[in-house]
Amino acid sequence: MRALLPCLSLLLAWPAGAGAADDSVMPFMEYLDPDSLVCLKWGFNKVQGTITFALSVNTTSWVGLGFSPNGGMQGSDIVIGGVGPSGRYFTDRHATGNFLPPVDKEQNYTLLSLTETDGQTTMTFQRSIQSCDDDDFHITARPIKLIYAYGETDEISYHAARRGTKEVNLLNYMPRATLPGTNYLNITVDNISLPATHTYYHCKVMKLPTLNGKHHIYRIDPVIEHHDIVHHMLLYGCPSFVAETYDRPCYRGDIGDNCFRVVAAWGVGGGGYEIPEDAGIPVGGELNDTYYRLEIHYNNPTSEAGRTDSSGLRLYYTDQLRQHDASVLTTGLMLDLSLGYDIPANATQFHTYGVCNTSLFSKLEDGPVPDLQVFALLLHTHLAGRKVRAGLFRDGKQVDFLGFDENYNFDMQQIINLGNIKTIKPGDEIVVECTYSTVNRTGVTKMGLATTDEMCMAFLFYYPAININACWSHPNVTYLVPEETKTDQDAITNHESLLKTIPQIQVISDLHSLYSMNPKGTVRDMMKTPSLSCQETTVTSAPNNLASPRPGTSWLVTPAGTIMLLLWITAM
């Protein structure tokens, strides 16, 4: 019989009155692994400036939790603990490489409890939300890549496959809603044979079961048979003229190639995703798609033969309609293999850009274009990608970032809730910038479908849904003069600048597979990414039972912070 799930065990086993596992102290919970063996609960107090964690793992060995800049071990802030023959042990560490992390000179984590019961180890600890210790990670109101690992014994040694990564917004977390029911659609391939190639895209066009009227999809879960080869999955809605099913390789000139309205998405390293309570993706009813295309990208770097797979997506739906119809807008650098776009070899930081001018939406929309409320996004590049940023421009000036990842990790692609709504107004522009490193490559890198090719995309989850499904661009490469490929840095910089300054062909498409184009788009300059510092703690959401300072106020557990708190109380 399988052991009790760690989070359930944590709640049942906690002593009455101890408080640390109480939902009022730690109201948030996530399983960090796909098998639900590693559970993290947490909560924070903005006034006190502290955050409390309880890590519970199905093991009787050492357990570890880390905060990583890019999803890997190097540069991570890590705590390791357990219950050994000589008692409890717990240390604050920092990783300088892929080996045992050294113990910090300053121990800035406080152990609250460490127990080992019924084959499970639970480590509860607390730290300051901010830390000015260079060996500690600054927790901010932005998504953080959490890493975990555990051993087979209490000897802290190599964890092998007992590790993982998950991106979570600790301070702006959107907890999973209470499920209105257990109805779901399983959209999967069925034991397909995979070719012995590095990159393979498989497409299945299908007709979904008939639903009695309109419903809302509120949760998307991956159903993955082989985690080592499934790279990403997309479910597209099809225009009305697609009315046949098939199950074969993608992009062979089939009619299903016209299905490009993103309904659901999953990327490697990601987990399930739940849409906020006031929105849902429509499915069923007369006005919604009947046929859908499931696209799965398989990454088989060793070109292993004889592999089969039955992966896909599970869509939870309800007839309890929510306030808004949600949708997904594809933005970034348009993927057009006929146009050509080469990233030179030996580039330390090469930037590409995709532009979306929302003033074009009115050409395909029947009525006035509403403000679009963006609540989540998924950023996507391939192996050479190092950074992705999506900027929002209004009246020619940047007013915000829709999202960014300054430490992009190809193996960690997750739909991220923004924590607060970002509003795109009619006429706004969206610029998606990707930064690549090709210093270890000897030939050019092309924009394309293969894992070794590149992409630059941002999928924006928003409401209310409109007809537009994609808004992206491609530099007009006819302005380029063919020349011999150069790899010196000056030539690379000039090539990058030219691709940015020549006219950008902007294209939008709608759910009917209609298109509109502007051949004279421009790429605007983006501002610097807001820097992370130990003085930054702005939090825009918190448990209702925790006291909240006035908007924009940050608290530090220092004498100055205490004075600020007293002044704030006095002013009330």
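User: Let's start with S437. Is S437 buried or exposed?
Analyst: S437 counts as buried, because its relative accessibility is 13%. Buried means under 20% relative accessible area, exposed means over 50%, and partly exposed is in between, with a 1.4 Å probe and protein chains only.

User: Before we go on, where does the model come from?
Analyst: This is a predicted model, so local features need pLDDT of at least 70, side-chain atom pairs count only at pLDDT 80 or more, and totals for chains, interfaces and linings use all residues. Residues are numbered from 1 along each chain as its sequence is written, and side-chain values use heavy atoms, with hydrogens and water left out.

User: Where does S437 lie?
Analyst: S437 is in the loop between β31 and β32. Strands are DSSP runs of E, at least two residues, and helices are runs of H or I, at least four, all numbered from the N terminus.

User: And what does S437 touch?
Analyst: Leaving out residues up to four places away in sequence, S437 touches A347, T348, A384 and R386. Contact means heavy atoms within 4.5 Å.

User: Which loop holds T381?
Analyst: T381 sits in the loop between β27 (372–380) and β28 (385–394). T381 is buried, with a relative accessible area of 0%.

User: What is T381 in contact with?
Analyst: Neighbours within four places in sequence aside, the contacts of T381 are V388, Y408, F410, Q413, C434, Y436, E454, M455 and C456.

User: C434 and C456 are both on that list. What joins them?
Analyst: A disulfide, with S to S at 2.1 Å. The term covers a pair of cysteine sulfur atoms within 2.5 Å. The torsion about the S-S bond of C434 and C456 is about 95 degrees, so this disulfide is right-handed. C434 lies in strand β31 (residues 429–436) and C456 in the loop between β32 (445–446) and β33 (457–463), so the pair ties together parts that are 22 residues apart in sequence. C434 and C456 are both buried.

User: How many disulfides are there in the whole structure?
Analyst: A search of the whole structure finds 4. Another of them joins C238 to C259, again with S to S at 2.1 Å. C238 is in the loop between β15 (230–237) and β16 (246–249), and C259 is in the loop between β16 and β17 (261–267), so the link ties together parts that are 21 residues apart in sequence. The torsion about the S-S bond of C238 and C259 is about 105 degrees, so the disulfide is right-handed. Both C238 and C259 are buried.

User: What is C356 joined to?
Analyst: C356 forms a disulfide with C471, S to S 2.1 Å. C356 is in strand β26 (residues 350–357) and C471 in strand β34 (residues 468–475), so the pair ties together parts that are 115 residues apart in sequence. The link of C356 and C471 is right-handed, with 100 degrees about the S-S bond. C356 is buried at a relative accessible area of 1%, and C471 counts as buried at 2%.

User: New topic: sheets. In what order do the strands around β4 run?
Analyst: The order is β6-β5-β4-β9-β10, an open sheet of 5 strands with antiparallel pairing. Two strands pair if DSSP finds at least two bridges between them. β6 (87–94) and β10 (163–168) stand at the edges, each with a single partner strand, so one side of each has no neighbour in the sheet. The twist averages 15 degrees from one strand to the next. Axes are lines fitted to C-alpha atoms, for helices over the stretch in contact, and angles run from 0 to 180 degrees between N-to-C directions.

User: How many bridges join β9 to β10?
Analyst: 6 bridges join strand β9 (residues 144–150) to β10, running antiparallel. Y148 stands opposite G164 in β10.

User: Last one. How many residues does the largest nonpolar core have?
Analyst: The largest nonpolar core has 61 residues, and L235, Y298 and L313 have the most contacts inside it. Another core, of 38 residues, lies apart from it, and includes I343, L402, A458 and I468. Such a core is a set of buried Ala, Val, Leu, Ile, Met, Phe, Trp, Tyr and Cys residues joined through side-chain atoms within 4.5 Å.
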